[in-house]
Amino acid sequence: MSRTAVDTAAEAPRTVDRWRARWTRPVLIANLVAQIAIVVTGGAVRLTASGLGCSSWPQCEPGHFTPRFHEALTIHPYIEFGNRTLTGVLGVIALLVAVVVWTDRSRARSYRWLGFAPLIGVVLQAVIGGITVLVDLHPGWVSTHFLVSMLLVVTSAILLDRSAEGDGAPTPVVGRWARRLAPVFAVLLGVVLVLGAITTGAGPHSGDDEIAYRFAIDPLLMARIHAAAVWLFTAVLVALLVLNRRAPRPVPRLGVVMVGLVVLQGIIGYVQVATDLPIVLVLLHMAAAGLLTAGSTRYLMSFRVRA
């Protein structure tokens, strides 16, 4: 083999490494942003009563993958089809995540396998979305759709943080009591999200004007239970802020971000209940839930470092 051919063969892996080093973090950031954005567009589908805008799945209408223009056509099919289109974009981003993470042979296998989670999640969400349409927007499936999105936000936030650290054993940077409260904080976040989904499922926004299945529970009572869980979550956050006041950066800085997210979400939540759940505020509440989930995940991730 000639010297030129040898040099070319040696340069190829270095080119791939440079490409990966340049694009891994932007791809992972885009994935996290898209995972939160799909929650917002999904909320728009529900809040505009466009849940059955496309009457079938995976086609929008029998025999057609896109909305077909006719005199009786409304805006609803376009809103639902737009959300499905964003799912396709998210699928492309998730595929890029799998490529840039899995091909990094210098990283631990646990991290590399995690790179497939967004792609698997997108496929799972497409199936759940199809079932949701086929069962006429049953609130149980709608809530499942939302909660799986929150799990994908958590996974995407973990991937983003893991990409910037090594693969050594995790070393805590916070005290013993903060480490003990961390799983309580995580569980309460899950409780808040589940109760929020149930509260929405008991409220007036079913996703369709004609078919309006709801959970057979008092929505105001559920709102109060949900609020109580949020206050408990906030109390644990305050305790963590106090315990971590001398922790190294970025723990205190992310704690301040968490305070802002909790205050924002609380204000939106109470105002939307007091004003009979206007669509704009409910949509903002869902967007803030995605931000709060990502922020909570990154806050807990900052409790330890990896060499």
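1. R162 and E165 form a salt bridge in this predicted model, with 3.5 Å between the closest N and O atoms. Both partners are buried: R162 has a relative accessible area of 7%, and E165 has one of 17%.

2. R162 also pairs with D167. Here the closest N and O atoms lie 3.0 Å apart. D167 is partly exposed, at a relative accessible area of 30%.

3. D167 takes part in a salt bridge with R107 as well, the closest N and O atoms being 2.8 Å apart. This pair links distant parts of the chain, 60 residues apart. R107 sits in the loop between α2 (76-102) and α3 (109-114), while D167 sits in the loop between α5 (139-163) and β1 (170-172). R107 counts as buried because its relative accessibility is 12%, and the cut-off is under 20%.

4. These pairs belong to a network of salt bridges that links R107, R162, E165, D167, R304 and R306. The count of salt bridges comes to 6. Side chains of opposite charge can pair when their charged atoms come close.

5. As for the overall fold, the chain has 9 helices and 2 strands. Their order along the sequence is α-α-α-α-α-β-α-α-α-α-β. Among contacts between residues at least 6 apart in sequence, 79% join residues at least 24 apart.

6. On burial and surface, 42% of the 307 residues count as buried. The accessible surface of the chain is about 15800 Å², and carbon and sulfur atoms account for 71% of that surface.

Conventions: Residues are numbered from 1 along each chain as its sequence is written. This is a predicted model: local features need pLDDT of at least 70, side-chain atom pairs count only at pLDDT 80 or more; totals for chains, interfaces and linings use all residues. Side-chain values use heavy atoms; hydrogens and water are left out. Helices (H or I, at least four residues) and strands (E, at least two) are DSSP runs, numbered from the N terminus. Buried means under 20% relative accessible area, exposed over 50%, partly exposed in between (1.4 Å probe, protein chains only). Contact means heavy atoms within 4.5 Å. Accessible areas come from the Shrake-Rupley method with a 1.4 Å probe; for residues, only the protein chains shown count as cover. A salt bridge is a side-chain nitrogen of Lys or Arg within 4 Å of a carboxyl oxygen of Asp or Glu.
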